[in-house]
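I set down here what I looked up in this structure, in the order in which I looked it up.

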Amino acid sequence: MSATMGRRLGPARIVFLSILGIYFFVPLLAMGRFALQRIPVVSLTWGNLFEGWSAASAIDALTDERVLEVTRRSLMLAVAAIALTLILLVPVAIYTEVRAPRLRPLILVLTLTPWVVPPVALVVGVAGTFRSTAPWFLSSPYSLVPFYTLWALPFSYRALDAGLRALNVRTLFEASRSLGASLPTFFLRVVLPNMVSSLLVVSALTGALVLGEFAFASLLLKETLPTYLVVLQGGDPRAGLALALVVLLLTTLIIGLAAAALRRRGLSFNAAGI
Amino acid sequence: MTDVVFSQVSKRFGETQALKDFDLTVNAGELVCLLGPSGCGKTTALRILAGFEFPDTGDVHVGGTSVVHVDARHRGFGMVFQSYSLFPNMTARRNIGFAFEMRGVKGATQRSRVDALLELTGLGVHADKYPHQMSGGQQQRVALARALATEPPVLLLDEPLSALDAAVREQLRDEIRRLQQETGITTVFVTHDQHEAMAISDRIGVMNGGSLVQLAPPPEVYAHPVDSFVSTFLGTSNRVPVMATGDGALTVLGREVTGIDPANRFVHVRPEHIRLVRDASSGDGVPARVRSVSFLGPLTRASCSVDDTDVLLDLPSVAADGLAVDERVRVVLDGPVTLADR
């Protein structure tokens, strides 16, 4: 990352970065002005850019009891999805790297399939199966967790895989075995401490995905932060957008903190290959 | 003291026959280099000995006991890999300490033994550095200390110097040899570098196509290769034709040779055993034309064509002064032939 920063800024680069900046910044500014300026939309001009800002609508939205409830629920779902992702994927990724590197390309393709199947098809298929066999499963909001884990698979697996490849796990495994280490010792003392970087990346990205995912929750008729945002925007557009802005800032903050934590340990975010 | 015996070991990976009826005996306290081109099976042999691969057929005995069914982690051999293989999350000291810990050596005993090893390998000042803060040579030194930590009966080295640059490579090579001789540990060293093998080994095991072709001390392998593969793989060899004179004698580059079966039409000759005569009108040897000259320091290597054959020869650089391409010279056999070849 520092290498990219250190590269000289040529004119082409400046133009490109400016266009990109405008592309991202303008909608955010528009969102902010609409949500947080106490001026009717039709009267918003460059002239009153600095007038009438107030956090009241954001505070209103944030103190709304429903909002707190769905936020708590979404955070719980994020934690559960992260846990399930790590429990399922870490052993598979390590096993593939150490014992079955020939299966690697196949597994990488398999992990892409969730993005080939649209959420609608996935939900309809799963709902059809469970409604007749285990209807209790779909009534809990936690029935969303497996969907989130699946949906995160294409990048969560890649992040783990890239972290492992950078580590040269196979040789480390053989070295630790020749020194007499058991498999659990190897996992706990060698692999996990060296995977902190990619585990954090996987967690941050999976968490961010859960906090922004709409399709599954909506199709399964569950109320989460993103679906409630839509409801809120229907009734009170200002509060809805203020809340969306807050969520955006929070997610950025989470990823930023994860990156900072990694850098303090001398690790880099792009070590995870994303 | 522990010896290592491979008997009739075969291993196949899919279509590739990595080892075929491989036999090898490494005597106790001996350093044997397995040398050969890539794909000759040397690494497979080492990995079977280490316990990372299981042989299809055959058996491996270490100190008289079969080890093929013993898990790698219970064999207790020291192993050094080409890619350093230090644990990135541990300092040099903790990497070496890990080896003791796995064998149940803890506390003050562990600390003093780690310190002694750091001293022995000259790593004292780097003890608290992480692998990414050390050079390749330093990392490999830590790996060596870690492998030797618990005084294993057998030390296995898998191309340990191949990733290092030339100066460090020679230094560490001599250090490995010194440590090996001081500890008297039975050692198998896999390499594709003939100079490394010749400098370090008690005996060299030359491998080709999954089998051991020759096992002998370096000077013997060099002077008496068993076949043309060994002769050309180890050092430089000239394959020159044998001439029959009218009275039934055989000559090579103008000198009569004896003890060669007349069925052999060629012999192998080392470059240092061919002499170059600058005076083209002398009656010695056979006429030749200089094709190229390369200065190697004390020696100069010249490539000369004799009839249709190119021969490489080494002469002292002082005698090569002014030797030019296309110069007419004569070359003479001036030493033993290493091998007769059909």
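The entries below cover conventions, a helix pair, the contact of the chains, and the strands.

**Conventions.** I worked from a predicted model, in which local features need pLDDT of at least 70 and side-chain atom pairs count only at pLDDT 80 or more, while totals for chains, interfaces and linings use all residues. Residues are numbered from 1 along each chain as its sequence is written, and chains are lettered from A and ligands numbered from 1 in the order in which they are written. I took helices (H or I, at least four residues) and strands (E, at least two) as DSSP runs, numbered from the N terminus.

**Helix pair in chain A.** I looked up how α9 (residues 144-167) and α11 (residues 183-212) of chain A pack: the angle is about 165° and the axes are 9 Å apart. The angle therefore makes α9(A) roughly antiparallel to α11(A). Axes are lines fitted to C-alpha atoms, for helices over the stretch in contact, with angles from 0 to 180 degrees between N-to-C directions; angles under 35 degrees count as roughly parallel, over 145 as roughly antiparallel, 65 to 115 as roughly perpendicular and the rest as oblique. I noted the crossing of α9(A) and α11(A) as right-handed, that is, the near helix is turned clockwise from the far one by less than a right angle.

I then listed contacts (C-beta atoms, placed from the backbone, within 7 Å). On the α9(A) side they include Y148(A), W151(A) and F155(A), and on the α11(A) side M195(A), V201(A) and L205(A) are among them. The residues of this contact divide into 14 nonpolar, 6 polar and no charged. Ala, Val, Leu, Ile, Met, Phe, Trp, Tyr, Cys and Pro count as nonpolar, Asp, Glu, Lys and Arg as charged, and the others, Gly among them, as polar.

**Contact of the chains.** How many residues does each chain bring to the contact? I found 14 from chain A and 17 from chain B. On the chain A side, α10 (169-178) and α11 each supply at least two residues. The largest share of that side, 6 residues, comes from α10(A). By class, the side of chain A that touches chain B has 6 nonpolar, 6 polar and 2 charged residues.

**Chain B overall.** I counted 9 helices and 21 strands in chain B. Its C-alpha atoms fill a box of roughly 80 × 45 × 35 Å along the principal axes. Of the 342 residues in chain B, 42% are buried; a residue is buried if 20 or more other C-beta atoms, placed from the backbone, lie within 10 Å of its own.

**Strands of chain B.** Two strands pair if DSSP finds at least two bridges between them. I traced β1 (residues 4-13) of chain B to β2 (residues 16-26) through 7 antiparallel bridges, with R12(B) bridged to Q17(B). The hairpin of β1(B) and β2(B) has 2 residues between the strands, and G14(B) in the turn has a positive phi of about 55°. Strand β1(B) also runs antiparallel to β4 (residues 57-62) over 5 bridges, where S7(B) stands opposite D59(B).

Finally, I found an open antiparallel sheet of 3 strands in the order β12-β13-β14 (chain B).

Conventions
Contact = placed C-beta atoms within 7 Å. Buried ≥ 20, exposed ≤ 12 C-beta atoms within 10 Å, placed from the backbone.
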